[in-house]
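Please look over the sequence and the model shown below. The report that follows describes the chains, their contact and a few local sites in turn.

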Amino acid sequence: MFRETTFTDIDRARTADDAVAEFVMDEETFRAFYDRTARGLWAYLARITGNRELADDLLQETFYRFLRAGAAYNGESHRRNSLYRIATNLAHDARRRNLARIPPSVAGDDIERVPSGRGAASVERTADFTRAMSHLKPRERAMLWLAYAEGASHSEIADVLGLRPASLKAMLFRARRKLAALLGRAPERGKP
Amino acid sequence: MKPLDCDLEAEVLALVLQSGWPDRADAGLREHVAACAICSDVAAVAGALDHAREELRERVTVPDSGSVWWRAQLRARREAARNAGRPITAVQVIALACAMGLLGACFGATSAWFQSALAGVRSSLASMKIHTLLPSATSLIAGHGVLILAMAALLLLLPAAVYLAMLRE
């Protein structure tokens, strides 16, 4: 049975189709890009928020905002930076909203609940790492993750985190020193 | 001034990210890392982060790309339809306000009772003197200060609360 349709409905449907047409890429391109980036982005979100359920939600929101951003991208690297910048901002907003609810000392423990088929040594190593990461500031976690897990350059990290490239080197140095000390491999204030 | 980086740092990082540290590193580089605080930090931190990343990537199940695309489409359509409906609602509200105003004006112009009441209010306002009002206003504020303050706060806060609720929505 046909539904009774008014001109307003037709206008609204047209507007809705226009909204989808405004996505920055078509379905095929999006799906390929998503398959390349989603797992890495989820890991980044999980590490900087310390909460896997929040990472799940932010992942979807990030890709949606990315699609609606309406920006022109120069290539894969530009696209990826944009995606991570959106994710970083969303995580920052979520942290500000939930700051009173999540004590910093337990941030990250939640990630350990993801089922693992690995051995005890690997689990212990990850637990040590999570504990160490939970003592860092969110920006330090993001900076280190982008630099050493994603292999991003200084200019890319500065772009994603909205920092000045000139100050990034010193900030990264301090964050790395701090994490190395927390991992028990170097004195935090030792001579380099 | 303390150095913030080392020339061999990138080489160490590349080996760690390719899972080649320390096995694929030559003896010279291993010796350097043992002596250089920057490179040893890079090796330790990058090794831990890379391991954590691989662990998470292996264990995580992200939603299927097709379902994410479908949900994004659905949401974009819903938002567009809502946005398209918003101006219509605004026009309806303005039209209602105009109609109410017009009705009020017609009633005021035609009703004899309303005209006489209006004349009475006008004359009482003209005969009213400010200096006679002040003592009664002061006694009212003194007697019901808390109530007046609460009403004033309500008048100020209510629009702000409505605005914030609409903003969140």
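Of the 192 residues in chain A, 36% are buried, where a residue counts as buried if 20 or more other C-beta atoms lie within 10 Å of its own, as exposed if 12 or fewer do, and as partly exposed in between, with C-beta atoms placed from the backbone. In chain B, buried residues account for 17% of the 169 residues. The model is a predicted one, in which local features need pLDDT of at least 70 and side-chain atom pairs count only at pLDDT 80 or more, while totals for chains, interfaces and linings use all residues. Residues are numbered from 1 along each chain as its sequence is written, and chains are lettered from A, and ligands numbered from 1, in the order in which they are written.

Two residues are said to be in contact if their C-beta atoms, placed from the backbone, lie within 7 Å. Among the contacts in chain A with a separation of 6 or more, 62% are between residues 24 or more positions apart; in chain B, 55% of the contacts between residues at least 6 apart in sequence join residues at least 24 apart.

The contact between the chains takes 49 residues from chain A and 41 residues from chain B. On the side of chain B that touches chain A, α1 (9–17), α3 (37–59) and α4 (65–110) each supply at least two residues, and the largest share, 18 residues, comes from α3(B). That side of chain B divides into 23 nonpolar, 6 polar and 12 charged residues, where Ala, Val, Leu, Ile, Met, Phe, Trp, Tyr, Cys and Pro count as nonpolar, Asp, Glu, Lys and Arg as charged, and the others, Gly among them, as polar.

Helix α2 (residues 27–49) of chain A packs with α3(B) at an angle of about 115°, their axes being 9 Å apart; axes are lines fitted to C-alpha atoms, for helices over the stretch in contact, and angles run from 0 to 180 degrees between N-to-C directions. Here R39(A), G40(A), A43(A) and A46(A) in α2(A) meet R53(B), L56(B) and R57(B) in α3(B), and the residues of this contact divide into 3 nonpolar, 1 polar and 3 charged.

V45(B) touches L144(A), Y148(A), R176(A), L179(A) and A180(A), when residues up to four places away in sequence are not counted.

Within chain A, helix α7 (residues 154–161) has E156(A), I157(A), A158(A) and V160(A) buried, and what covers these buried residues includes α4 (76–98), α6 (138–149) and α8 (165–182) of chain A. Just after α7(A), G162(A) takes a positive phi of about 70°.

R85(A) is found in helix α4 of chain A and is partly exposed, with 18 other C-beta atoms within 10 Å. Leaving aside neighbours within four places in sequence, R85(A) is in contact with D159(A) and V160(A). The C-alpha atoms of R85(A) and V160(A) are separated by 4.4 Å, although the two residues are 75 residues apart along the chain.

Key:
Helix = DSSP H or I, 4+ residues; strand = E, 2+ residues; numbered from the N terminus.
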